[in-house]
Amino acid sequence: MHKNRIGAYLFSFPSFFLTIALGIYPVLWALRYMFYDYQGYGTPRFIGIGNFERVARDAEFWQSVANTFVYAGGKLIITLPLSLILAVILNRKLRGRHIFRAVFFLPTIFSASVMSIVFYIVFNSYNGIINQYLLKLGIVTEPVDWLGAGFAMLTTIIIAVWGAVGNYMLLFIAGLQNIPEDVYEAASIDGVNPAQRLWYITIPMLGPVLQMIIMLAITTSLKGYESIMVLTEGGPFGKTEVMYLYLYKLFFPLTTTGSSVQNIGYGSAVGFTTAIIVGLVTWMYFWLSKKLNNVY
Amino acid sequence: MIIRKMLLRSPVWALLLITAGFMLFPIVTAILGSFKTNLELTTGATLLPADWQFKNYVQAWNQADFSGFTFNSIYVAVFATAGTLLVAAMAAYAVDRVAFKGKKLYIFIQSFTLFISIGAVVLRPQFNLMVAIGLQKSLWGVIIIIISAHATAFFMVIGFFRGIPKDLDEAALIDGCNFYSTFWRIILPLLKPALAVVALFTFRNAWNEYILPLVFSLSRPDLQTLPVGLANLRYGAGAAVENQLMLAGACISILPLLIVYVFANRSFMQVTVGSVKG
């Protein structure tokens, strides 16, 4: 162990300073302005909880919260079972398993916004690539409006699943490798079928790892808005507006050519509220999964 | 018996192949589509281009200014990666090897930034700070903000530090090294393979970053990186939207990562598991 305290302070200072200035200070900044009426110019005016009263009455915001739950829920319901099943399959000594793992993980390395541009062309409502194939194969007679009011949410969910499955598959594989082989051997002697094995052995044995992965998946999917921002900008008619995108729009325009009305005080209050919502959902999940653990 | 086994296995293989097709479809479409004409892209319904249009890339590079976007992306990713590695490795060295006052507080603050997210709100004060020191007009504003978010890298590096025995430090001290030279001469060379993995992770994130450079280029179009410049093409450069240019641009962004991935996909995967475990 070194005794050089000055050296230690010197070495941790850049990290400490940057984290305080650009990580902690902005949070405190928002905690202050959420009590002010401030549009980005002039003098901020203290209005107490006025901004929060406005949040409570803001139907557009609560619609975006509801959309977030649909988006996150849809993403998780497909992603988690699919990635767990793929992980179970690819954890066995299957020929070509390394290639399959690499292929399934591939989407996670690319930029969500860049791939959303590709998906924008793939799912285009009139002459998109999916529609071309569907028309050619005679499955539909007229183009499907993938980014229209009826399908936009489903399309964004499909894209989110595409980008997430590989990630959770890999985390599940890491968890599966901690389950001792002899448990499965004992089960196969008892004549257990694959579905029973998954439900009665694999999932319970994953235990805390599963809990952590699900929690990570919940928070990540509640926070995601980048691909929606590029693909639909929250439209059409706010159908895909999620809460973090709504929040972004209170501070910045969507593109270099766009414009927006800055709403710093109100935006800070919305930001605080969304953070509380994510925190509450995470806490509820913890509480619920603990309850379920006690039942076993 | 063999037939029965194959029948049992066929749903498994079907699932694997369908999922693989789903995962590869957009990527293959992007790469092959980037060589098609706009007309072929919007009406063709074919996989391979009828006539390979290499000029799409020339057009994207020159007319749509992807040369500038690429330069900006490389600039941001390289300096943000180098900065993150240095800041995180130095802090991890101090925290893992020295007992100093405020260490617990430091670790608490780092974990706090990992868990609390108030979204785009923080970009406003971050931007204001950069205005205050005059860095909003250069990519350095973006780079410094990316470096400041180094908590994940810090926890990854400190995980690797635990694998380097402390006896080594003591041996170095006896041989005449001090706190600083032990870091540069003993620890850093040993950490190299681990730092390479963290570098890959950081580089990929900086390269893919969208919202932060978007905010900085709102008033300075010359600061656009690849994801920002590409997303702006949606509105068409005055005329019709040119799908083939968008796909060529997307490929300029994804191909470098794809090539590295072909050779180092295990390192990419190691990062994902490691960052969650650490």
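The legends below describe close-up views of a predicted model.

Residues are numbered from 1 along each chain as its sequence is written, and chains are lettered from A in the order in which they are written. Local features need pLDDT of at least 70, side-chain atom pairs count only at pLDDT 80 or more, while totals for chains, interfaces and linings use all residues, and side-chain values use heavy atoms, with hydrogens and water left out.

**View 1. The second largest pocket and its centre.** On a 1 Å grid over the protein atoms alone, a pocket is an open set of points where a 1.4 Å probe fits, with protein on both sides within 12 Å along at least five of seven lines, and lining residues have an atom within 4 Å of a point. The second largest pocket is lined by 29 residues, and those nearest its centre are A:Val88, A:Ile89, A:Arg92, A:Pro194 and A:Arg197.

**View 2. The helices around the second largest pocket.** Among the elements that give two or more residues to its lining are helix H3 (59-90) and helix H9 (194-223) of chain A, together with helix H1 (2-33) of chain B, where a helix is a DSSP run (H or I) of at least four residues and a strand a run (E) of at least two. The largest share of the lining, six residues, comes from H1(B).

View 3. Residues 12-35 of chain B are 92% helix, with end C-alpha atoms 35 Å apart, whereas residues 74-93 of chain B are 100% helix, with end C-alpha atoms 28 Å apart.
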